[in-house]
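Thank you all for coming; I would like to walk you through one structure this morning, taking a few of its features in turn. Please have a look at it before I go on.

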Amino acid sequence: MSQHIAKPRTTAVILAGGTGQRVGLSIPKQLLKIAGKAVIEHTLTTFENADSIDDIIVLMAPGYVPDIEKIVAKAGLKKVSKVIEGGSTRNETTERAIAALGEGLAEGEDANVLFHDAVRPLLSQRVIDDCVVALERYQAVDVAIPSADTIIVTRTHGEDGEFITEIPDRSRLRRGQTPQAFKLSTIKRAYEVAAGDPNFQATDDCSVVLKYLPDVPIHVVAGDEYNMKVTQPVDVFIADKLFQLASTAAPEQVSEEAYRELLTGKTMVVFGGSYGIGKDIAELAESYGAKVYALGRSTTGTHVENPEEVDDALSKAYAETGRIDYVVNTAGVLRIGKLAETDNATIEEALKVNYLAPVQIARSSYKYLSETNGQLLLYTSSSYTRGRAEYSLYSSTKAAMVNLTQALSDEWAGDGVRVNCINPERTATPMRTKAFGQEPAGSLLSSEAVARTSLDVLLSELTGHVIDVRQQDPTAGAARASGFEQALATVLDRQDGV
């Protein structure tokens, strides 16, 4: 009879000892905010959500441990077990991590450890899982991607500058990333051997194993182009854009009963609830026990561009139920045409309905949502990433919805109010039919599918996210983007959407 062998504990060690000097900051770059959150919070959240990771240790730049502890507490990151001050060198920082990892292990017990740069916030779950799986067979694992650039080796000759001395074969060159994963016993032994070298200085941990434990093979896991390191000023801009363009998967509820349990007794106000996506969200939420106020110009006479009518609608819902948990705005107008040929009335309508109305709804909703730790849900369009001819008003106001979402999610995070934005692919709605007429069957998303995803987002803990709903995913007839690996491809897809 075979004996069950427990899986070793797997710990992610987040190396956050760097400063912000190269990005021109007075604070460590891992505390810089990207897409509404500190870089390190994005990184920690990725490991928090990884099923293959048991706990997380952070090695932080000296003097900034309290900053990390505040981020961890505010974000509710339960897997972070320790925040330790890093050393003055990379060697010392890793040695402190190894010592912390050894605490609590029984005699002869081993563990898995993944060392990851705090300033690589775009790490995917796939890479984490591949590293952990590789540790079942190998003692040391690196993550790397092929080099798209030709790499040259140079030598400096006095005042004449640099000259090429070698051009290695690019087909064998790889760009190293993190995580770097090890059996704890292996990396510990490598550093013990290295300690006997008076010239020892490490820039990464795989190089320590390679040099001091040459008989230990280092397996390479395929990395990702978007697993970038935020080091230079341009990296800040690129990372921020990738976060903006990448979509997030909305967690689905496991059963019909779960929807009923979460929505019974809750109050939802839907602006733009007369037809289309808004109407479907209202009906769906009501079917699960929520008290829903579906408001629209053609049904309740509610004009979202009128701040007084927005205030009245919210105060009425609050007076009758004593709470408002969710505010949804699907109201919008789509006017196609060349800007130079567009009259003032059309321009004003687009700005009032598509931009000023969501701003007013957000402002009026805040006091109610802060009481319930509720959520504001806005809607953008697949054209928000690139303004196109004859869509200048529509696409620019929809881009504003993304920025408004991310700004408010940050502004309201301390009060427990979540703000998210749904980005549906081309959807069969009366507004679209009015603008484009009848389109081929099967070429559009159903508004019911978008409504279902919207409900999942409202019931989630997400905030500050743009959630793509795309047709090719068979789940509920809508696609839920799987992460950053689709970000750049999504940009191209959106250029044909509205």
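This is a predicted model: local features need pLDDT of at least 70, side-chain atom pairs count only at pLDDT 80 or more; totals for chains, interfaces and linings use all residues.

Ile 152 sits in the loop that runs between strand E7 (140-146) and strand E8 (153-156), and together with Ile 164 and Ile 167 it makes up a nonpolar patch on the surface, with about 290 Å² of accessible area for the three together.

From the surface I turn to helix H1, residues 39-48, where 9 of the 10 residues are buried, so that this helix is largely enclosed by the rest of the structure. Among the buried residues of H1 are Val 39, Ile 40, Leu 44 and Phe 47, but also Glu 41, His 42 and Glu 48.

Next come the salt bridges, of which the count is 16. In one of them, the side chains of Asp 55 and Arg 9 meet at 3.5 Å, N to O; because Asp 55 lies in strand E4 (residues 55-60) and Arg 9 in the segment before strand E1 (10-16), this pair ties together parts that are 46 residues apart in sequence. Asp 55 counts as buried, at 9% relative accessibility, whereas Arg 9, at 43%, counts as partly exposed.

Which residue does Asp 410 pair with in a salt bridge? The partner is Lys 33, with the closest N and O atoms 3.0 Å apart, and since Asp 410 belongs to helix H12 and Lys 33 to strand E2 (residues 33-34), the pair ties together parts that are 377 residues apart in sequence. Asp 410 is itself partly exposed, at a relative accessible area of 27%.

Within helix H9 (residues 276-287), Glu 283 and Lys 279 are 4 residues apart, which means that about one helical turn separates them. These two also form a salt bridge, their closest N and O atoms being 2.6 Å apart.

The elements that give two or more residues to its lining are helix H11 (344-372), strand E15 (375-379) and helix H12 (392-411). The lining residues, which include Asn 354, Leu 378, Tyr 379 and Met 401, divide into 5 nonpolar, 3 polar and 1 charged.

Technical notes:
Residues are numbered from 1 along each chain as its sequence is written. Side-chain values use heavy atoms; hydrogens and water are left out. On a 1 Å grid over the protein atoms alone, a cavity is a set of points where a 1.4 Å probe fits but cannot get out, and a pocket is an open set with protein on both sides within 12 Å along at least five of seven lines; lining residues have an atom within 4 Å of a point. Ala, Val, Leu, Ile, Met, Phe, Trp, Tyr, Cys and Pro count as nonpolar, Asp, Glu, Lys and Arg as charged, and the others, Gly among them, as polar. Patches are made of residues with over 30% relative accessible area and no salt bridge: like charges are joined within 9 Å, nonpolar side chains (Val, Leu, Ile, Met, Phe, Trp, Tyr) within 5 Å. Accessible areas come from the Shrake-Rupley method with a 1.4 Å probe; for residues, only the protein chains shown count as cover. A salt bridge is a side-chain nitrogen of Lys or Arg within 4 Å of a carboxyl oxygen of Asp or Glu. Buried means under 20% relative accessible area, exposed over 50%, partly exposed in between (1.4 Å probe, protein chains only).
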